[in-house]
Amino acid sequence: MIIQFICRAILLGVPLLYGSTGEIITEKSGHLNLGIPGIMYVGAISGVVGSFIYENSCNNDIAQMNAFLAVIIPLLCAIAGSVIMGLIYCFLTVTLHANQNVTGLALTTLGIGLGNFLGASLINITKSELPSIALTKTSSFFATKLPFADKLGWFGELFFSHDFLTYLAIAVAIISAIVLNKTRVGLNLRSVGENPATADAAGINVIRYRYVATCIGSAVAGIGGLQYVMSYASGVWSNNAFGDRGWMAIALVIFALWKPSFAIVGSFVFGALCNANNYIQGLGTETQELFKMLPYVVTIIVLVITSMRKKREHQPPANLGLNYFREER
Amino acid sequence: MADKTAVKKHHEPLIHIVKRDDIPEWQAWLIRGATIIVALIFVGFLSMLVTEKGFFETYKIMFSGVFGRLLQGSTKMLWKYLQEIAILLCLALALTPAFKMKFWNCGAEGQALMGGLASIFCMIEFGEKLSYGALIAVICITSIIAGAVWGIIPAIFKALFNTNETLFTLMMNYIATQIIAYYVYIEGGGSNVINPVSVGNFPAVGNNDYFVNIITVAVITVVMYIYLKYSKQGYEISVVGESQNTAKYIGINVKKVIIRTMAVSGALCGVTGMLLVAGKDHSINTNLVGGQGFTAILMSWLGQFNPFIMVVMTAIVVFLKIGVAKVADSSFLNSSFSEIMVGIVILMLVGCEFFIQYSIRFRRKNKEVAK
């Protein structure tokens, strides 16, 4: 029961981990990308479109499908789709100095619209009775587990029973933590977010760092959307099913105090909080609705506590949300 | 010869971006107007590609989708259109004082939901007990208070600890949503639906259910314009928005202004919730505001803090929302197509601000001659 609860929490937490790792990378460059919810939608639907085309090209026959292609095509599509969204955001905010909050929110509107529109179009093409597209074959490739997981009992279930996107998420978070804190590139990136004018004076290409960071961040977040469809929903896309996970990913950034390594733990805590209502005995449906606000309440508490303590290493990048124009110093 | 190579080594970029001094207001609006026209043509073009209908036919469907049989004398669709504008505009107006203060209130959705909750609660609980006039008064007061409280909570933390308001207000939305889900479950007896309540509704004026809503928002628009432009509080808001330090030096109590402004902002969102519940749906669900709280943020910003420009902007966006959805419907496509179009138009408008604030200078070719 407890093992099952933890596994479920991890499964629910992984899309948030992708989203928040992506957002942390972006925010470290000083850009608050509120378009992440939309970008995750686009990542998900791009992956779905990719695997839909691949499944059709194999005549929907699982025997004809190549495991590697079945995984890599949706993955690359998701990355491509979300990077395009990231580029739109960068072009507007970095090059055209547009307001970041407004651009991000408009991008979210656009992304959710794109996701639902393309999703509905695919449902139309399949002439399915249900308002969803099932890509269970592709999903089965994504769900391939480590062979020895079953033999290790609860230990195996806890640590080895997840699909590869879960391990990839943790790997991405750890790698970005190392890059941000231990390498020159990471130091430069952080300096761009803290004080772009100083970074510029030190010879760092502020514009390039911001573009690259935002695009990598978007790509990571986009994979999160794909993970939700392929692993959590077992390959079934239905409109609006992704819900407000994008916003939760942004909340998680604060919860994790802008540290990817904290985000790993944080995302699983969030997954557990999201899921707690199903595992506490004797809750009526109406109380369950109240329990669903737990992750948001916890985020607010963390937000307030970090702002009260004002510890220097727990603060957002100093120039977060501000555009940099070289001639305006 | 040596001099020449030295000059060449100095790499000069092809284009050079310069911040403009204030450009005349009419020129700025010319750029924005041109962008809107280009965006509308672009929308028509994309609709044409997707629906495989003629270019002008898509616009025809848009117009008939929004205005219905207006030319034949039926004003039913027109009133619906005005009602939609009123709701979005009211939210945008509510957010404007907060934005002018540089307080990113992303919680319009939640504040409106709480206002709506207060309204439906009063309608159900006091509907039978109070006279009509008293009931309406109670609905107004409670929903204003509910919205204001939901706005004040993040404002207090912003004022005291400088807590990030964007994310705080965002989280408050979801808490409000869950409270509504809880209330709907209890009141609907597990069915997740509250049947429309017949008491405490705003009166219909001349067969028109939405008249009260539209007039209310029209009044709020004018009052907000005066409040921001001519009142002392409006001035304080703009000073705090420009520079908190300046505000402190000239003796403005910044904390008080932040909390008071968010109370106004939240209260107006609460009013929007009330208009939605008492003036339109007569019921409530978690999707009452339907994401308009976020669109309103964009409207307020595109309106440049000027309520009357916001009227124009909301009119255009609501037109696109309804019209393009009709175009998509007519070709059996998903109506989310309109969200894509609204997103594109807003992004184009956001982008065009660049050409208002900056000018692009190209590298002069005959530079050496000039030297």
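## Contact between chains A and B

In this predicted model, the contact between the two chains draws 41 residues from chain A and 40 residues from chain B. On the side of chain A that touches chain B, at least two residues each come from α3 (67–95), α4 (100–126), α11 (245–255), α13 (285–291) and α14 (294–309) of chain A. The most is given by α4(A), with 14 residues.

Sorted by class, the side of chain A that touches chain B comprises 24 nonpolar, 11 polar and 6 charged residues.

## Nonpolar core

A total of 211 residues make up the largest nonpolar core. Those with the most contacts inside this core are L252(A) from chain A, together with L89(B), C90(B), L91(B) and M171(B) from chain B.

With neighbours within four places in sequence left aside, M171(B) is in contact with A251(A), Y296(A), T299(A) and I300(A).

## Packing of α12(B) and α13(B)

Within chain B, helix α12 (residues 292–302) packs with helix α13 (residues 307–330) at an angle of about 135 degrees, and their axes lie 8 Å apart. Because of this angle, α12(B) is oblique to α13(B). The two helices, α12(B) and α13(B), form a right-handed crossing.

On the α12(B) side, the contact is made by T295(B), M299(B), S300(B) and L302(B); the residues from α13(B) are M310(B), M313(B), T314(B) and V317(B). By class, the residues of this contact between α12(B) and α13(B) are 5 nonpolar and 3 polar, with no charged residues.

Note on methods. Residues numbered from 1 in each chain as written. Chains lettered and ligands numbered in written order. Predicted model: local features only at pLDDT ≥ 70, side-chain atom pairs only at ≥ 80, totals over all residues. Axes fitted to C-alpha atoms, helices over the stretch in contact; angles between N-to-C directions. Helix = DSSP H or I, 4+ residues; strand = E, 2+ residues; numbered from the N terminus. Parallel < 35°, antiparallel > 145°, perpendicular 65-115°, else oblique. Left-handed = near helix turned anticlockwise from the far one by under 90°. Contact = placed C-beta atoms within 7 Å. Nonpolar A, V, L, I, M, F, W, Y, C, P; charged D, E, K, R; others polar. Core = buried A, V, L, I, M, F, W, Y, C linked by C-beta atoms within 7 Å. Buried ≥ 20, exposed ≤ 12 C-beta atoms within 10 Å, placed from the backbone.
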